Amino acid sequence: MLVAKPGLDGHDRGAKVLARALRDAGMEVIYTGIRQTPQMIVEAAIQEDVDAILMSILSGAHMAIFPKVMELLRQNGVDDVLVMAGGILPDEDIPAIEQMGIKGNFGPGTPMATIIEYVRANIAPERLTQDLAPLRSGGAAFDTQESQQSQAAQ
Amino acid sequence: MANYPIVERLLAGDRRALARIVTLIENNAPEARPILAQLHTHGGHAHIVGLTGSPGAGKSTLVMQLARELRRREQRIGIIAVDPSSPFSGGAILGDRIRMQELAGDPNVFIRSMASRGSLGGLATATRDAVRALDAAGFDTILIETVGAGQAEVEIVRAAQTVIVVTVPGMGDDIQAIKAGILEIADIFVVNKADRPGADQTAAELRMLLSLDEQRKERAWRVPIVKTSAASGEGVPELADKLAAHLASLRETGQLGSRSGRQARSEMLALLHQALLDKIAATISTEDWNRLIDEVVERQTDPYSAAGEIARRIGLAAAQEQD
């Protein structure tokens, strides 16, 4: 999980509460700190190889920042990461945000359990396998029991 | 045989391939071992530096400053920052990137956070293999930041070539400093937050501690004490100089090889240990385990005989000789 605070807003209590709740749900949470540029968020997501990016934004700059994040993810070939947003997102912007591919847009008062359930239900379970197809079919140096099982599963 | 495509991508500088391989290592995926076998042959060039010290000593900030200084010296830097996992939920909050934001956007710096996942020595089980991946990816210096460590978390010795122990003023009297453990493993001492009162005294106590160590006097390397202020960056160039000097000293005295040998040995022992446990798990059923445990608890047999029976059943010849 990457919990990020994009843009120039310093109110990160919500992000910290969320990070703590995800931790207590057994997840590993990388918290970036405040004032993240889209470049910083995408670079962190790549280096940490996260399953999901959760952006918390209260400043109203979401319509400027979110498209840049999505564009940078695309440019870097990151297409298997769940991107979510939360904070102050006006209802009229939600359709446009979802159009960008940002899902689960949670406003103030959302129970933590709702967010955790949403994360669990929506991260791509087969994230790791796409890079490994050549390894699994090649198989010469690779004859452990587990690999046979995972090949059978595919 | 030819390298796997994901290994080729890592060697070509693809950051996503590197990140993905570290994830495989962390998750102990079956694919990780053949990948690591290939990576091992491409490594051996990086200077591996460990930073350890108590929580709040300023390790993350110092790592950031040190990485900036080494970037000025045209090095490519890999960073692995380990934070603790919750013993209750297994989750973790990895916050070291917060202090390293000034490095963001530099394509010659790669930062990976790692949760300790129950490992106790200040590192994660996967840390050494993650270092292997960064080494193969061609980073010149790899900085490992341990979990905030107290006195006994010394696992970093088995992962790094140069160990920096970070202390701060006012952390205890000079008796703390002559205790065994973390203070013995330092190749370089840093007194961080040196702008605070007491820094000179802390440095003096460390110097006294070092002067008491008869064995150290015979060694070629004299452990330096560097005062830094990570917040401002003061003292960091001197620390970078000492790092380079330590590496040179390791090379001159042949210790680089002997340290690598020790590390390879402990790594192989750990793998054999795991293989043995896997073999036991595959051979002895849960019912048999529980039966043996019950018999020991009921004093029908003793732990040594019970373990001996298990050893016999997994085919250990030495156990048979004991009969």
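Mentor: Chain B has 13 helices and 8 strands; helices (H or I, at least four residues) and strands (E, at least two) are DSSP runs, numbered from the N terminus. This is a predicted model, in which local features need pLDDT of at least 70 and side-chain atom pairs count only at pLDDT 80 or more, while totals for chains, interfaces and linings use all residues. Residues are numbered from 1 along each chain as its sequence is written, chains are lettered from A and ligands numbered from 1 in the order in which they are written, and side-chain values use heavy atoms, with hydrogens and water left out.

Trainee: Why is A:His62 called buried?
Mentor: Buried means under 20% relative accessible area, exposed over 50%, and partly exposed in between (1.4 Å probe, protein chains only). A:His62 has 2% relative accessibility, so A:His62 counts as buried. The residue sits in helix α3 (residues 62-75) of chain A.

Trainee: What is A:His62 in contact with, leaving aside its neighbours within four places in sequence?
Mentor: Contact means heavy atoms within 4.5 Å. With those neighbours set aside, the partners of A:His62 include A:Ile57, A:Ile88, A:Leu89 and A:Ile97.

Trainee: Why does A:Arg35 count as exposed?
Mentor: Its relative accessibility is 51%, so A:Arg35 counts as exposed. You will find A:Arg35 in the loop between β2 (28-31) and α2 (38-48) of chain A. A:Arg35 also has a positive phi of about 55°, although it is not a glycine.

Trainee: What makes B:Lys193 and B:Gly198 partly exposed?
Mentor: B:Lys193 has a relative accessible area of 23%, so B:Lys193 is partly exposed. B:Gly198, at 32% relative accessibility, therefore counts as partly exposed too. B:Lys193 is in the loop between β7 and α7 of chain B, and B:Gly198 lies in the loop between β7 (188-191) and α7 of chain B. Phi of B:Lys193 is near 55°, a positive value in a residue other than glycine. As for B:Gly198, its C-alpha is 5.3 Å from that of B:Pro169, although the two are 29 residues apart in sequence.

Trainee: Which residues of α7(B) are buried?
Mentor: B:Ala199, B:Thr202, B:Ala203, B:Glu205, B:Leu206, B:Leu209 and B:Leu210 are buried. They cover an arc of only 160° around the axis, so they are on the same side of α7(B); the arc is that of the directions from the helix axis to the C-beta atoms. On the other side of α7(B), B:Asp200, B:Gln201 and B:Leu212 are exposed.

Trainee: What makes strand β4 (residues 109-115) of chain B mostly covered?
Mentor: In β4 of chain B, 7 of its 7 residues are buried. B:Val109, B:Ile111, B:Ser113 and B:Ala115 point one way from β4(B), while B:Phe110, B:Arg112 and B:Met114 point the other way.

Trainee: How do you know that strand β2 (residues 77-83) of chain B pairs with β4(B)?
Mentor: Two strands pair if DSSP finds at least two bridges between them. Here 7 bridges join β2 of chain B to β4(B), and the strands run parallel. In β4(B), B:Phe110 stands opposite B:Gly78.

Trainee: Which strands pair with β7(B)?
Mentor: Strand β6 (residues 162-167) of chain B is joined to β7(B) by 4 bridges, running parallel, and strand β8 (residues 225-227) of chain B pairs with β7(B) in the parallel sense over 3 bridges. B:Val191 is the bridge partner of B:Thr167, and in β8(B) the partner of B:Val191 is B:Lys227.

Trainee: What makes a group of residues a nonpolar core?
Mentor: A nonpolar core is a set of buried Ala, Val, Leu, Ile, Met, Phe, Trp, Tyr and Cys residues joined through side-chain atoms within 4.5 Å. The largest one has 83 residues, and B:Ile79, B:Ile164 and B:Phe189 have the most contacts inside it. Domain 1 (1-42) and domain 2 (44-252) of chain B both give residues to this core, so it lies between them; the domain bounds come from an automatic or database domain assignment.
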